[in-house]
Amino acid sequence: MRASLIGASGVDLDVLASLLADMDVRDVWVIKNVVGDGVIFDPVPDVVIAALDVADASGLASPQEGFNNFDVILRVGQAVARGIPSLLIVPPPLKPPTWIKGLSVALCSPGNRTSLTDHIWALTASAPEGHASKFPKGNFTPINAEMYLSRLQAVEQAYREPLSLSPGAPGSKYVQAYAQFESLISELLVSAGAALAEPPEDSHPNDYADFAFVPSSGSSVVVLAECKLVSRKRRLSEDEAALHQKVTATHSQLGLLIYHPVDGMEPFPARRSTALVERISATELIKRLGERSLQGVISDAVAQAAAR
């Protein structure tokens, strides 16, 4: 049996490695920085165990030191999307991610042998060794482009209509329209097959993209997505530069800046391209996903970004 053991840079994984040895798991790969990304899923492990660092409550530990908590959560999310039995160790007072469906969670320290023994036993016992199908390889099903384009028009309408607030509602029509736009894009990506991730709770908006995703269950590409409603003719170069910093900080492969001009005024063309970042209008993204798989769209974007 093969196991990938993923940890934030400040976590001691010795107890977990010892427990895996007790369960007769001899092929263990310990991964704590981006250099190990190439062996997390190659060959595909039978189980994945990941551990967060209680000292990294914000998920923002320096990437130069290795993985921070957000890096770890992204990778265990990839494992779950591939159908690999996975366990995330979350030391209190940290909270487990709620958006990774099917993930096993142990609320204890990575060094708590007593608490983790049963968790490791249950994980390894439930994982058939060398099972052939780790993730589905379904046929491409196009999204309902007309429906999403109609919802995009509704976002524009919400922006243009006079503001009428209910108690507790955000105090700006832009804020309301943006919330609708972000929800639309996240639903679009999920319907196209993406495994979506949200930033940690209480994180600063300048530290994370709106969400991260892998384009399909079999993909190893991590994409950070930013949604931008453009309400006047302007450049998006500063937004692209900020997204580039987030991509490099989280060791992601691509930043996708998805914009929509709510007043019909397209942003100025970029004076220069930004490495690792692709700009695309929401309208164009919807049309492409009506014709191609999300995996294909993202593969093209990654190739274009890498060629710069």
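Predicted model: local features only at pLDDT ≥ 70, side-chain atom pairs only at ≥ 80, totals over all residues.
## A loop residue to start with

Let's begin with leucine 103, which sits in the loop between S4 and S5. Residues are numbered from 1 along each chain as its sequence is written, and side-chain values use heavy atoms, with hydrogens and water left out.

Is leucine 103 buried or exposed? Leucine 103 has a relative accessible area of 13%, so it counts as buried. Here "buried" means under 20% relative accessible area, "exposed" means over 50%, and "partly exposed" is in between (1.4 Å probe, protein chains only). Leaving aside neighbours within four places in sequence, leucine 103 is in contact (heavy atoms within 4.5 Å) with Val76, Val80, Ser86, Leu87, Leu88 and Pro97. Leucine 103 and glycine 77 are 26 residues apart in sequence, yet their C-alpha atoms are 8.0 Å apart in space.

## The whole chain

Zooming out, the chain has nine helices and 10 strands. Of its 308 residues, 44% are buried. Take the contacts with a separation of 6 or more: 68% of them join residues 24 or more positions apart.

The chain exposes about 14,600 Å², and carbon and sulfur atoms supply 51% of that area. Accessible areas come from the Shrake-Rupley method with a 1.4 Å probe; for residues, only the protein chains shown count as cover.

Which residues have the most contacts inside the largest nonpolar core? They are Leu16, Ile49, Val72, Leu88 and Ile89, in a core of 39 residues. (A nonpolar core is a set of buried Ala, Val, Leu, Ile, Met, Phe, Trp, Tyr and Cys residues joined through side-chain atoms within 4.5 Å.) The elements that give two or more residues to this core are strand S1 (2–7), helix H1 (14–22), strand S3 (47–51), helix H3 (69–81), strand S4 (86–89) and helix H4 (113–125). Apart from this core lies another, of 33 residues, including Val155, Ala194, Val297 and Ala301.

Leucine 16 is worth a click: beyond its neighbours within four places in sequence, it is in contact with Leu5, Ile49, Ala51, Ile89, Pro110, Leu116 and Ile120.

## Helices with a buried side

Helix H5 covers residues 145–160, which makes 16 residues. From first C-alpha to last, H5 reaches 23 Å, close to the 22 Å expected at 1.5 Å a residue; the expected span is 1.5 Å times one less than the number of residues. Its buried residues are Tyr148, Leu152, Val155, Glu156 and Tyr159. Why are they on the same side of H5? Because they cover an arc of only 95 degrees around the axis, where the arc is that of the directions from the helix axis to the C-beta atoms. An α-helix has 3.6 residues a turn, so residues three or four places apart point the same way. On the other side of H5, Glu146 and Gln153 are exposed.

The buried residues of H5 pack against helix H6 (173–191), strand S8 (223–230), strand S9 (254–261) and helix H8 (282–289). H8 has buried residues of its own: Ala282, Leu285, Ile286 and Leu289. They cover an arc of only 100 degrees, which puts them on the same side of H8.

## A few single residues

Glutamate 240, in helix H7 (residues 237–249), is buried at a relative accessible area of 5%. Not counting residues up to four places away in sequence, glutamate 240 touches Leu257, Ala270, Thr274, Val277 and Arg279.

Now for some backbone details. Proline 92 and proline 93 are joined by a cis peptide bond, with omega about 10 degrees. Aspartate 24, in the loop between H1 and strand S2 (27–31), has a phi near 65 degrees, a positive value in a residue other than glycine. At 52% relative accessibility, aspartate 24 counts as exposed.

Methods. Helix = DSSP H or I, 4+ residues; strand = E, 2+ residues; numbered from the N terminus.
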